[in-house]
Amino acid sequence: MSLQQPGIQREPFAVASRFREDFFDCLAARGDELFELVDALLCADGPVTSPVDLTLVAEHRRGHGAMYEALNHGSVDVPRLRQVLAGLPMPRAADGRLVLAVDVTNWLRPDAPTSADRLFCHVYGRSGRSSDQFVPGWPYSFVAALESGRTFWCQLLDAVRLGPEDDVAEVTAVQLRRVVTDLIEMGRWHIGDRDILVVFDAGYDAPRMAHLLDALPVEVLGRMRSDRVMRRQTPSRKEYALAYPQGGRPPKHGKEFRFAKSDTWGEPDAATAQVTDRYGTARAMAWDRIHPRLTTRSAWIDHTGELPIIEGTSIRLEVDRLPGGGDPLPLWLWSSATGLTGEDVDVRWQAFLRRFDIEHLFRLMKQTLGWTRPKLRTPEAGERWTWLIIAAHPQIRPLRGAAADLRRPWEKPAELGRLTPARVRRGFRNLRPNLPCPARPPKPNRPGPGRPLGSKNRYPATRYDVGKAVRRPETIAKRDQFRP
C-alpha cells in the first residue's frame with residue numbers, strides 16, 4: 001500500500017510518522033533495540049505471548065540478547081515522552097472540552113517473590129463478591145483522554161506505578177497536575193476554554209480529589225456510593241434567623257442529604273430525560289450545592305486548620321435496562337461544578353459512561369500486546385516495558401481509518417472507521433512501509449571475511465629479511481673486524 005494510491009489520507013500517516021520520530025528521540029540508551037521492539041509488538045502475528053518471541057519477527061533485526069539488555073539496562077526519557085503524548089491531537093467531548101479518565105489496573109506477579117515493591121492487588125471474582133481475592137503485583141495508575149460516542153478508542157497520556165508507601169489519591173493528584181501542565185504547555189488547552197473534565201470511578205473520593213486539584217482548570221466527576229450521606233448548602237444568616245428565632249451558633253452545614261432516603265432529597269434543581277438505544281429512557285436529577293461533612297480522621301487526619309467545605313452537584317441517573325440484561329440500579333455521581341443546567345447534567349453522565357472505554361484499552365494492553373506477559377524481576381524493567389506498550393498505541397490510533405479489516409473467519413465485518421484496536425494492529429505491517437524507521441541497522445558482531453582472494457594490496461607492507469640464513473652487510477662487517 002502506498003500513500004500515492006487514491007483514497008489514502010496523508011494526515012494520519014503524517015501524525016504517526018511524526019510520533020515515531022519523536023518517540024525515537026526519547027530513547028537514550030539502547031534506543032535502536034527499544035524502537036524495534038515496539039515495531040515487533042505491532043507487527044507480530046497474533047497476541048504477544050513472550051518478549052523473546054518478538055525477536056523472531058522480521059521487523060526485529062537484532063538478537064534476543066539485545067532485547068534483554070534493552071529491557072534491563074535501556075533508558076527512556078519519560079518526561080519528554082509525556083510531552084510528546086500531550087502534543088498529539090486530542091479527542092474532544094460533545095461540548096468541545098477535554099475529558100480525562102483515571103483508573104488503576106494491576107500487573108499481577110504472584111510467582112515473583114524476589115521482585116521488589118509488590119503490593120496486594122484487589123482482584124474481582126467472577127462468581128460474586130465472596131470470591132474476590134488479593135494477589136501480589138504491581139498496580140499502575142493510567143490517565144487517558146476519552147472520545148465522544150460509542151468507541152473502543154482513547155488516547156493514553158501517562159502511567160505511574162504505585163509503591164508500597166504511596167497514597168493513591170495524592171499520587172493521582174500529582175500525576176494529573178503533571179498531565180494538565182503538559183497539555184497547557186503543548187497548546188491543547190488555552191485560557192478561555194472549558195475546564196478539563198476528569199472522570200473517576202467509585203474507588204476515589206471525588207470531593208477529596210477536587211480539593212487536591214484546586215487551582216487547576218479541571219472539573220472533577222466521580223461515582224459515589226449509594227449509601228453516602230451528604231449535606232446541603234450552609235443556610236445564610238437570614239435563613240437561620242427565620243428558622244431559629246431564639247438565636248444560637250449558626251450551623252456550619254445544612255440538612256442531611258441521604259442517597260438511600262428519597263424523603264431527604266427535596267425538589268431537584270435540574271431534571272432531564274433522554275431516550276437511548278442501549279439503556280432505554282435515561283432519567284437524571286441534579287441537586288446543587290451538595291457537600292460532604294468532613295471530620296479529622298481517615299484521609300483528613302493530618303489536615304491542619306479548619307476543614308474545608310467542598311460544594312458540588314449530586315446527580316442521580318436511572319435507566320430502564322442494561323445491555324447485559326441485569327437489574328439496573330440507580331447511579332449516583334458528584335461533580336465539583338455548581339449551577340449546572342439540564343444540558344450540563346446530560347454531558348456529565350454521558351461522559352461518565354465513556355469512562356469505561358479505558359477498560360477496552362486495558363484489554364488491548366494485556367491480551368493483545370502482552371503487557372503482563374514478561375517475567376521481569378525489577379520494577380524499573382517493568383516500567384520500561386510499560387512505556388513501550390504505551391508508545392505502541394499512538395502509532396495505530398491515527399491509522400484506524402486507513403487499515404484494512406483483516407478479520408478472523410468467525411468475526412463479523414466492522415463498519416468503515418469503526419475497527420477495534422486489535423484489528424487495526426493486524427494491518428499495521430502492511431502500513432509500516434509508509435512510515436519512517438529511524439532505528440539504525442544492527443552492526444555485525446563477527447569479523448568480516450577479509451580481503452577476497454586474488455585482490456591486490458594497494459599499500460604493501462615493508463618487508464624485512466628475518467632469520468639466520470640471510471645476514472645484513474653491517475652485521476657481517478662488524479663480525480669480521482674481530483676475527484684474527
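Visitor: How many aromatic pairs does the count come to?

Guide: This is a predicted model. Rings pair if their centres lie within 6.5 Å. By this rule the count comes to 18 aromatic pairs.

Visitor: Which geometry do Phe24 and Phe35 show, stacked or edge-to-face?

Guide: Look at the angle between the planes: over 60 degrees counts as edge-to-face, under 30 as stacked. The ring centres of Phe24 and Phe35 are 5.8 Å apart and the planes stand at 90°, so this pair is edge-to-face. Phe24 belongs to helix α1 and Phe35 to helix α2, so the pair ties together parts 11 residues apart in sequence.

Visitor: Is Phe35 buried or exposed?

Guide: Buried means under 20% relative accessible area. Phe35 has 1%, so Phe35 is buried. Phe24, at 17%, is buried too.

Visitor: What about Phe259 and Trp332: stacked or edge-to-face?

Guide: Their planes lie at 5° and their centres 4.1 Å apart, so the pair is stacked. Phe259 sits in the loop between β8 and β9, and Trp332 in strand β12, so the pair ties together parts 73 residues apart in sequence. Phe259 is buried at 3%. Trp332 is buried, also with 3%.

Visitor: Which residues form one aromatic cluster?

Guide: Trp107, Trp138, Tyr140, Phe142, Phe362 and Trp371 do. Arg109 lies over the face of Trp138, 5.2 Å from the ring centre.

Visitor: In which sense do β9 and β10 pair, parallel or antiparallel?

Guide: Count bridges: two strands pair if there are at least two. β9 and β10 have seven, in the antiparallel sense. Three residues separate them in a hairpin. β10 also pairs with β11, antiparallel, over six bridges.

Note on methods
Residues are numbered from 1 along each chain as its sequence is written. This is a predicted model: local features need pLDDT of at least 70, side-chain atom pairs count only at pLDDT 80 or more; totals for chains, interfaces and linings use all residues. Side-chain values use heavy atoms; hydrogens and water are left out. Helices (H or I, at least four residues) and strands (E, at least two) are DSSP runs, numbered from the N terminus. Rings of Phe, Tyr and Trp (its six-membered ring) pair if their centres lie within 6.5 Å; planes under 30 degrees apart count as stacked, over 60 as edge-to-face and the rest as tilted. Buried means under 20% relative accessible area, exposed over 50%, partly exposed in between (1.4 Å probe, protein chains only). A charge sits over a ring if NZ of Lys or CZ of Arg is within 6 Å of the ring centre and within 35 degrees of the ring normal.
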